[in-house]
Amino acid sequence: MRPALTLLGSRAAQAALTAWLLATLCFGFIHALPGDMALRIAAARVGDERVTVETTERIRREEGLDRPLAVQYAAWLSRVATGDLGQSLVSRQPVRQEIAYHGRFTLGLGALGWLVSYLIALPLGIACGFAPGGWLDRVTTGIAVALASLPSFLVGIGLISVFALSLRWLPPAGYRTGAHMVLPALTLALGLAAFSVRIIRNAVVEVRGAFYMTFARIRGRSAASAFRHHGVRNAAIPVATFAALQFAYMVDGFVVVEMLFNYPGLGELLVKALLARDVPVVMGAGLVIGLVYAGVNLLADLACLALDPRQAARFPA
Amino acid sequence: MSGQAVSERIRTRAERGDRLKAGLALPLVLLAAVAGLALFGPLLSPHDPTAQDLLHALEGPSLAHPLGTDHVGRDVFARLAHGAGRSLGIALACVGAATGLGLGLGLIAAYAGRWSDMAIMRLADLMLAFPGILLALVISGFLGGGVLPMLIGIKLTLWPQFARMARAIAQGELKEPHVEAARLAGFPARTLLIRHVLPAVLRQTTTLATLGLGAAIMSISALGFLGLGLQPPTPEWGAMISELLPYISEAPVQMAAPCLAIFISVLGATLLGQVLSEPDSGQEAER
Amino acid sequence: MSPPALIIRGLAIREGHGALVVAGVDLEVEAGGTLVLIGETGSGKSLIAQAVMGLLPQGFAASGTIAINGHAPVDAGQAGLLRLFWSRETMLLPQEPRAALDPTMRIGRQLFERTRQNDAVAALQAVGLAPEIAQAYPPMLSGGMAQRVLVASVLVGRAPLLIADEPSKGLDSERLGQTRDLLLSLGQAGRALLVITHDIALARALGGRLAVLREGRIVEQGESAAVFAAPRQSYTRAWIEADPSRWRPSLRCCAVDAPVLAGHGLRFGFRDRPALFEGLDIHVPRGGVLALTGPSGCGKTTLGNILLGLQAPDAGQVSWAGCDPYRDRAALKRLRRRYQKLHQDPASVFLPGRSTGLQLADLKEVAPELDLARDLPPLLERLRLDPRLLRRQAGEVSGGEAQRLALARILLMKPELIVADEPTSRLDPLVQRETIALLREIVAGEGVGLVLIGHDRALLAATADDVITIGR
């Protein structure tokens, strides 16, 4: 139990640091932008034409913009720490509400993409690992390398031009029906599978070549029994570790994929907010992504801990 | 070890060299093609990559426009060639800066140890806590696109890997008897680091740098595609794709050209990294 | 009388389409008997064990016949048939016991799953382990414990023929004794043993029959005691005499010179643990040999580094001909090159990827008085090194040559004291004997002080003037 707590602590620290850095970055950007801050907020609230000196001054007082920068920074941090992310400068909606709305879409897309990627990569990777150097292995390696060399928007464009424009089987963009999910999820899944199929294959090859597998057979197990007893668990360790790293790729993936397919997820929210300089939304989306990343890392660490007794030694009580 | 095993090891080294040369051919050809496009393409094309000609918008390939024109009549080949230089140049600069920073900090962490090691590694952890290009996205987004923000953003996401790897390799290398022997002979710290540690670090980070080059090219094009990278009308592959996307059915060639360019350059870098990372398979059986 | 446990007839092993690496080997192991196969690194002894198990590495092909426990002889090239004997007829005690165990599964579930509880406990106790070890994961075990666990699993198994491949590789003298006792107990339990080793002391202790392998051929074979008493081949004789217990002790040093190295009240320990050593006094005169010994992890290498000025002791002083290298910076700088170390793995002293000759030339940067053209040729001749070796990298010469190149590198710096940290533990016995003789010659001839770190007590007793044991 102790190692799990140590892990939890270190991942929580990672999440806190991410949040702090993002909040500081956003604070810095807001104040580094040229022009009067209060004037900008006033313009955002009441519209450019109706801004007066009085409203600007009132906002300056209300928002505490006349205080020293350090005080403003502390106030900003404490607000972020309590989960108050403010309002979108564009839509006037509370940021939390915006994130909750868009997050749902991303969650669905991410989960589906993840699932499909392992539906592709697991059987293929294991099959390749059992016959390294065979034709299936060579073909899969070739395709995986090619896919890994394509940014996800190119994979998506390829899928759109084949399935949406030429064959007209699926809609090219949108989000209203299940059919709209197919192409974005597949784009994401292919990008993920291009990497994980190699990891799975290598894990299987390595485990099959390990001396403890041979020795299990010398002790009288059949090849299949040796793989069931000793192979699966050992091969799962690097795969679980990699799954967390893949989340980093997922972020690149869904930001681009959502923009390409006009899919209203967190990535789309983030990019549109960046283009509009909507700082509270950027920070909110960034925070959620960073925190989820820390959470995914924690899950992968815990999975490895459960699979691999050696890991316990890495986190001495 | 017998004389036989020794001659075998010498042979293996030579064989590995041959295999390496054979594997290098394809990635080098791919990268040379992109570099050639960047260097000579602008000379071959008489067109200004930003000159609009609305009368000749979305025309297919012709003698005057070998890859056709885009939605505002700009020559796609000229834009592709000018974009090549930008993509490669910025990617190289990103990787160079990240390698320099990462190796420097990694070596310092490994050699000095104690609190400087702690500080550097915590900083690296902090940077790695941002998944993927999120940091580059936010920085480029806020600073309004352009070369410098992109360079800073991508470099920040790349350097921690170099620092971690350099530190791990250097720590291992510093424990090697050849370092201890050199220290006992009285060689100064500078010689230890440069002659004994750096070559091993460089050898093993070349792969990472090559793969980083591919990643940087992808990040640059992704930022361009999202509208957060180089700003129009600057010719950039990702931005070209994003601009032409609405006309994908009318302008397939114009669309395919930048796609292929990205693919070829990233594939070249990835394959090069793979060939360089191929493990020394000359392990001999113990008899 | 039951049939022999193993009959090998005309075994030949070929690498690829090329050279025969093992040829015309005929061997026999009686039921319940022991056969020790001894040979140098590269003699092909492990390949014979692998051929019997049907485990030859890729690229090797075997011919000849192998008959196991009275079954019909099998073509040695049919690895698949030989594998059918696994567990019921043949069992392997692997060279690296820890690599043979799945790191993610408890010992009990892994090795004693199909054994009754009482039998497993009895087997573990027979090898001196507590039954609780069944709950441990393999990475928690030391190499020695893993080996004992495997022997216990062999005890509960049925296989009458056991093959032990280099069971003593890389063990210190204490663990060597344990391994010998384990093998003897397996023999007493009625199992037939084929033991592959290069350790003469182990071969002598196991008794039974002995076969000597040289370059893939058996040069001599017979009852172990008879071969040791009266070897017929000169090669066998050289091997037996290379055993340090046969060495004639060298003349004691009688110099009462000012010590070239001294240590007073030395103490060292890792944080939160009891000190490895404390209040240690050391004294090495010119031309004297001091041996340091003790079990693995006792701190003998650390002590060597402390004496060399590489790591400050927790307490006490080191004296280099009267100067303390940890307090007197100027003396450290002046004397640095005179206090040198000979490493365990000689090839690793040289930077990979750079020829050894260039690396000797590099020494001019720190030793301006060095004149390679003048100093190197006589040195190479004395160390019997071919100058052409200098064009190679250290990984491309044999172990003995690498150790002599490392010695040449040190001698170029005109040392006053050499700390030799297990300088021969990775060398074959014949090369070991040659290297130690060379070291003694240099110590006597140049008046260099030598601190010899090792675990082979017989070797140290025969070489050193004085032996200090650390730990316990």
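User: In what order do the elements of chain B run from the N terminus on?
Analyst: They run α-α-α-α-α-α-α-α-α. This is a predicted model, by the way.

User: What does the C-alpha trace of chain B span along its principal axes?
Analyst: About 75 × 50 × 30 Å.

User: And how much of chain B is buried?
Analyst: Of the 287 residues in chain B, 49% are buried. Taking contacts between residues at least 6 apart, 70% join residues at least 24 apart.

User: What is the mean pLDDT of chain B?
Analyst: The mean is 85, and 91% of the residues in chain B reach 70 or more. Residues 280-287 of chain B are another matter: the pLDDT there is below 50. That stretch still has 15 contacts in the model beyond near neighbours in sequence.

User: How should I read a part like that?
Analyst: Where pLDDT is low, the predicted coordinates should not be read in detail.

User: Switching to chain C. What about helix α5?
Analyst: Helix α5 of chain C covers residues 143-156, which is 14 residues. From its first C-alpha to its last it reaches 20 Å, close to the 20 Å expected at 1.5 Å a residue.

User: Is α5(C) mostly covered or mostly open?
Analyst: Mostly covered. Eleven of the 14 residues in α5(C) are buried. Among them are C:M145, C:R148, C:V151 and C:L155.

User: What covers the buried residues of α5(C)?
Analyst: The cover includes two strands of chain C, β6 (90-93) and β7 (161-165). It also includes the chain C helices α3 (107-111), α4 (117-126) and α6 (173-188).

User: Which residues have the most contacts inside the largest nonpolar core?
Analyst: They are A:V282, A:A285, C:L37, C:L162 and C:I163, in a core of 233 residues.

User: Last one. How many residues of chain C are in contact with chain A?
Analyst: 14 residues of chain C, and they meet 14 residues of chain A. The chain C side has eleven nonpolar, two polar and one charged residues.

Notes
Residues numbered from 1 in each chain as written. Chains lettered and ligands numbered in written order. Predicted model: local features only at pLDDT ≥ 70, side-chain atom pairs only at ≥ 80, totals over all residues. Contact = placed C-beta atoms within 7 Å. Nonpolar A, V, L, I, M, F, W, Y, C, P; charged D, E, K, R; others polar. Core = buried A, V, L, I, M, F, W, Y, C linked by C-beta atoms within 7 Å. Buried ≥ 20, exposed ≤ 12 C-beta atoms within 10 Å, placed from the backbone. pLDDT = per-residue confidence, 0-100. Helix = DSSP H or I, 4+ residues; strand = E, 2+ residues; numbered from the N terminus. Expected span 1.5 Å × (residues − 1).
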